[in-house]
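Subject: A structure for you to look at

Hi there,

Here is the structure I promised to pass on. Have a look at it first, and then read my notes below.

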Amino acid sequence: PSHPTCQAIACGAALRTASLTRLARLRMVDPWSVALCAVFCLASGPSPLAVPFAMWCVFADHAAHWRAVTDFFPGWQTTVIFVPLVSFVVYWFNGLLLLMIDTIVRPEVLQQYKIQKEQRFDTQKIGKVVGNILFNQTFVIVPFAIAVTWFQQRFGWGPYVSDSLPSHKEMFLQTVGFVLVDEVLFYYGHRLLHHKAIYKHCHKIHHEFTSPVGLVATYSHPFEMLVSNVIPLFGGCVPFCSHAYTVLMWVIFAVLGTQTHHCGYHWPWMSFDHQPSFHDFHHQKFTCNYGNITWLDKLHGTDKMYEEYKAAQAKAAKAA
């Protein structure tokens, strides 16, 4: 039999291990963690699927998962292969799910949430849409990831790869930075694409769908894909010198968010939000609502048409 002293030492070690485990779990639930989870939910839209997924991403312990990723995709492979690959998987899974809702599983109970109730996705265009998206993912996103990784290795600016995870405080602050950078670059890049000298050669492709669905969020000319989607979404990680894990999490919820903005349904869990109706109105009228979070639209008055539309709708509802 073991010596009593050895048993006591082993018991004490087990208790300390259990205490450290409980302490680690408590550290996962702090104000920064809650704030990070909230930002993820707001970025993607707090759907019944997105909220538990965001909670799992933030509050579960992913240290071992991340080490496995960096072991399998060491160094540059993390940002050149793994992060783009995850974005592709998320895009196709969520996009096809939203397309199925709009074209196959569309009972009357969902019709009440459809923004443009008389419109429906033209399934004859699915081949063209799939080909365009695959082209942009392969020949825009991947080369951009290669360029950003090269820039980081050459000049020290850009997303870096580490086996250890960043703190939730760092992730929250940088994710908020990503949101702000995305808004500025997207708004002005988007307005540029609507210039008459550029629109017919480029952005007109995206506006083929006046009543969009989530899958067509990045259906666009390659130039638009770069200027209005990829650079705004991922550009912030270069000056912020972000951890690759922070970039990965932002990519996931940003992809879910842009597909929410194009989904064509204003779900009940989005009742507090201007999206997706705000961007859906842009696809109807073209010359308004260029941004995501409305701040720059309000500054430049490019939301005036939308505000007048909402006021007319409220007046009609009141008179009814």
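In this predicted model, the lining of the largest cavity is made up of 12 nonpolar residues, 3 polar ones and no charged ones. (Ala, Val, Leu, Ile, Met, Phe, Trp, Tyr, Cys and Pro count as nonpolar, Asp, Glu, Lys and Arg as charged, and the others, Gly among them, as polar.) A cavity is a set of points on a 1 Å grid over the protein atoms alone where a 1.4 Å probe fits but cannot get out, and lining residues have an atom within 4 Å of a point.

The volume of the largest cavity is about 190 Å³, meaning the space filled by probe spheres set on the points, which are joined across faces, edges and corners. Closest to its centre, among the 15 lining residues, are Thr79, Val83, Ala145, Phe234 and Val247. H5, H7 and H11 each give two or more residues to the lining, and H7 gives the most, with 5. Helices are DSSP runs (H or I, at least four residues), numbered from the N terminus.

Now for Ile252: leaving aside neighbours within four places in sequence, Ile252 is in contact (heavy atoms within 4.5 Å) with Phe53, Val86 and Val90.

Two notes on the numbers. Residues are numbered from 1 along each chain as its sequence is written. Local features need pLDDT of at least 70 and side-chain atom pairs count only at pLDDT 80 or more, while totals for chains, interfaces and linings use all residues, and side-chain values use heavy atoms, with hydrogens and water left out.

Happy exploring!

Key
On a 1 Å grid over the protein atoms alone, a cavity is a set of points where a 1.4 Å probe fits but cannot get out, and a pocket is an open set with protein on both sides within 12 Å along at least five of seven lines; lining residues have an atom within 4 Å of a point.
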